[in-house]
Amino acid sequence: MTTALAPAAPPTAPQARPRWESRARRREAGTAWRFLLPAVIFFVALFFVPILNQLVAAANGGVDGTTFVGLDNFVTAFNDPEVIHSFTITLIYAAGSVTIGIGIGILLAVILNQALPGRTLFRSLLLIPYLTSVAIIGLLWRNILDPQIGILNRLLETVGLPGQTWLSTAPLATIIGITIWSSAGYTMVLFLAGLQGIPGMYYEAAQIDGAGPWRRFFSITLPLLAPTTLFVSVIGVIGALQQFALPYIVTGGGPGNATSLYAHRVFIVAFNDNQFGYASALSVLLLIVILILSIIQLKVGDRANDHT
Amino acid sequence: MFTPHQLNRRSFLRLGLGVSVLGAVGAGTACAPVTPQSSKGGANTFTIYWNAGHTYKAYEAVIDQFGKDHDLQINWQKFQWPDLTTKLVADFKSGNVPDLVEEVTAGTGTQYGIAGDVIAIDDLAKGDTGMKFPDDFIDAAVTARQYEGKTYSIPFHLTANGLLFYNKGLLADAGFATPPTTWEEFLEMTKATTKDKVTGTALNSDPSYSAPFYHQQGVAFSDVTKGEFLTPEASATKALQFMQDLIYAHRVSPAPVATTDYSGPQKLFSAKRAATFLSGPWDLGPVRQGSPDIDLGVAPPLKGSVQASAMAGAGLMIPTKAKNPDLSWELIGKLTALETEMAATKEAGMSMPRKSWAADPAVASDETLKVVATALSLIAKQDPELPASGKANQINELYKKAYQQIVIQQHPVDASLADFRTQAKAALS
């Protein structure tokens with residue numbers, strides 16, 4: 001049996017916009033540009049011009065930083081063991097602080113999404129470290145972790161455990177731990193917002209179908225938190241790659257160069273070694289790495305969201 | 001009708017991420033050079049960069065009076081040393097400089113002076129007979145600031161690292177009536193005083209505190225002309241191995257904590273958790289004020305193969321683009337005048353570079369200052385070529401890495417020093 005299909009309607013020719021509409025559109029666009037212009041000028045002057053300036057600086061070297069060296073600074077960076085070391089530990093720092101931070105953020109969000117007494121208070125308390133200046137956090141933890149006079153070892157000794165030299169035996173892990181502690185509240189708030197955006201009917205339907213709490217978590221909660229997870233991971237990786245203040249304050253990049261993260265290395269090259277051209281090249285490389293990682297994360301995230 | 005593009009949730013997140021990525025890009029622009037402008041502040045503002053630990057009332061009074069005399073608004077900015085250095089380097093790059101700067105240590109001014117960032121003060125000194133420079137200044141403090149006949153800073157404080165601070169009560173309890181004078185005696189004393197929660201000594205994470213130890217083995221930090229570092233090598237190994245053993249073999253010192261703060265040993269000593277520590281006169285004030293109940297003793301530097309101390313102490317330098325170098329020089333004259341030095345010594349126990357200060361009866365009769373004077377006479381010679389090479393900071397940073405690896409991470413001494421020498425030579429070349 002065949003079905004007669006109705007002939008397709010001939011394509012309609014695009015109708016010319018009335019002249020009054022084009023004029024209105026141009027007027028609106030002009031108004032929009034006038035409003036945008038101050039922001040554009042501000043952005044170009046204080047953002048793109050310095051970036052361009054930095055690119056020029058990266059191509060210069062010598063004692064006074066004015067000798068044109070082309071790509072030499074970039075070539076040097078790829079062969080500099082200190083730079084390779086700092087980049088490697090920065091990747092470890094980013095991976096550790098972001099992945100563990102996301103896990104703890106989700107866990108806290110799930111707990112504080114329950115109807116528990118005092119949950120508003122707990123949410124507020126967890127957010128305090130994020131709202132505190134990194135300088136204060138650094139000094140606070142430096143004192144807490146001091147092996148001789150720090151409160152943490154005092155507590156351990158009180159319960160009969162030996163004191164630890166946290167900043168000497170596992171300095172990078174300690175810095176990762178402090179980072180997670182300080183950002184857990186913020187991550188929790190983001191995931192909490194994500195959780196509250198998941199319609200309750202999904203859980204009800206799953207429960208009717210016999211899904212237990214774990215199944216509901218892994219099949220509903222986690223997939224529907226994917227956009228938030230993507231956001232947190234991209235922001236977290238960018239922040240981690242740029243991390244400077246915490247190791248600078250807590251360990252000064254030491255012991256040795258164990259916590260000399262990439263941004264700290266750039267700082268040392270610029271302000272200690274007085275090699276501004278080389279430091280500019282290192283900054284440009286960091287920019288490229290951040291852009292590449294962010295694009296990859298966004299693409300992967302988009303694909304995952306599409307599947308969801 | 002024109003319909004503006006609507007932001008949905010996903011595009012909003014994208015926008016947020018985009019802004020964040022661009023923010024990250026912007027954060028990397030800190031190293032870009034900027035166009036030199038003018039000197040810091042208005043014509044009537046006089047800007048001073050100072051170490052936060054040196055804000056003595058004696059200096060405050062002089063600076064206040066100087067501002068009143070010249071109808072100047074004084075912008076006295078205080079920093080920790082690393083922050084002062086960072087700010088100053090950025091200022092030199094921008095051309096927006098202060099009028100007077102405290103120099104972290106001898107040689108720093110030379111490094112900046114050769115690069116054209118601070119002036120040689122010889123002509124100013126020649127025209128100021130009242131200053132008595134360099135005749136009234138201890139030679140070692142002056143020559144350490146000179147290169148090829150030019151002087152790039154004025155000695156302000158002259159101190160020696162390597163004084164032995166000891167708790168007389170704890171030493172007496174362990175059966176020591178007098179402080180140790182040699183490494184062997186020092187080790188014996190630290191073993192005897194290490195008990196319960198008290199350690200015999202406390203080493204510093206700051207690498208400059210290792211200088212007395214290697215100088216006491218006759219080691220020179222650098223010989224730039226020959227391209228050598230920490231030589232004789234065997235003696236350098238012996239010195240650093242001794243320090244490492246104090247922590248890990250003899251367990252008479254806690255492992256230092258890697259921080260930017262050098263006051264850890266002093267705090268342990270003040271808390272009666274360490275019987276001794278090695279430092280300089282700058283820790284006299286904090287110990288006396290922080291723990292007046294401690295019966296403090298200060299002994300001359302120890303003797304390894306030789307008895308030696310390491311030079312320390314700040315200077316004063318004038319940036320090339322300072323608004324009025326004559327005015328800056330006038331303030332230097334007032335700050336380094338004998339009466340100001342005496343007032344600062346009385347207030348904080350700081351030792352000074354003027355020969356007339358050392359000869360003053362109030363100084364000569366003070367038991368602690370006598371010990372400081374002994375330490376000053378034992379200062380090991382510095383290599384003037386290192387700051388002149390422009391690589392002193394870079395090489396010091398490399399040594400910091402090696403030193404912390406040795407005393408904090410317990411890396412093999414020979415390997416760490418060999419690595420340091422290789423990297424330092426590469427930095428020089």
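Predicted model: local features only at pLDDT ≥ 70, side-chain atom pairs only at ≥ 80, totals over all residues.
**Notebook: helix packing and the A–B contact**

I started in chain B, where B:Q394, B:I395, B:L398, B:Y399, B:A402, B:Q405 and B:I406 of α19(B) meet B:V413, B:S416, B:L417, B:D419, B:F420, B:Q423, B:A424 and B:A427 of α20(B). Contact here means C-beta atoms, placed from the backbone, within 7 Å. Sorted by class, the residues of this contact are 10 nonpolar, four polar and one charged. My classes: Ala, Val, Leu, Ile, Met, Phe, Trp, Tyr, Cys and Pro are nonpolar, Asp, Glu, Lys and Arg are charged, and the others, Gly among them, are polar.

Residues are numbered from 1 along each chain as its sequence is written, with chains lettered from A and ligands numbered from 1 in the order in which they are written.

Back to the pair: I got axes of α19 (residues 392–407) and α20 (residues 413–428) of chain B that come within 9 Å and cross at roughly 170°. Axes are lines fitted to C-alpha atoms, for helices over the stretch in contact, and angles run from 0 to 180 degrees between N-to-C directions.

**Chain A overall**

I counted 14 helices and two strands in chain A, taken as DSSP runs numbered from the N terminus (helices H or I, at least four residues; strands E, at least two). Its radius of gyration is 27 Å, well over the 19 Å from the globule rule for 308 residues, so chain A is more spread out than a compact globule. That radius is over C-alpha atoms, and the rule is 2.2 Å times the number of residues to the power 0.38. The C-alpha box along the principal axes is roughly 85 × 65 × 45 Å. Buried residues are 35% of the 308 (20 or more other C-beta atoms within 10 Å of the residue's own; exposed is 12 or fewer, partly exposed in between; C-beta atoms placed from the backbone).

**Around α8(A)**

I next looked at α8 (residues 171–196) and α11 (residues 226–241) of chain A, which pack at about 160° with axes 9 Å apart. They are therefore roughly antiparallel. A:T187, A:L190, A:F191 and A:G194 of α8(A) meet A:T228, A:F231 and A:V232 of α11(A), a set of four nonpolar, three polar and no charged residues.

α4 (residues 119–131) of chain A also packs on α8(A), at about 125° with axes 6 Å apart. That makes α4(A) oblique to α8(A). Residues in this contact include A:L126 and A:Y130 of α4(A) and A:W181 and A:V189 of α8(A).

**Chain A against chain B**

Which element of chain A gives the largest share of the side touching chain B? First the size: 49 residues from chain A and 37 from chain B take part. The largest share, 10 residues, is from α14(A). By class, the chain A side has 27 nonpolar, 17 polar and five charged residues.

**A loop residue**

Last, I checked A:T66, in the loop between β1 (60–61) and β2 (67–68) of chain A. A:T66 is exposed, with 11 other C-beta atoms within 10 Å. A:F276 is 210 residues from A:T66 in sequence, yet their C-alpha atoms are 9.9 Å apart.

Terms used. Parallel < 35°, antiparallel > 145°, perpendicular 65-115°, else oblique. Contact = placed C-beta atoms within 7 Å.
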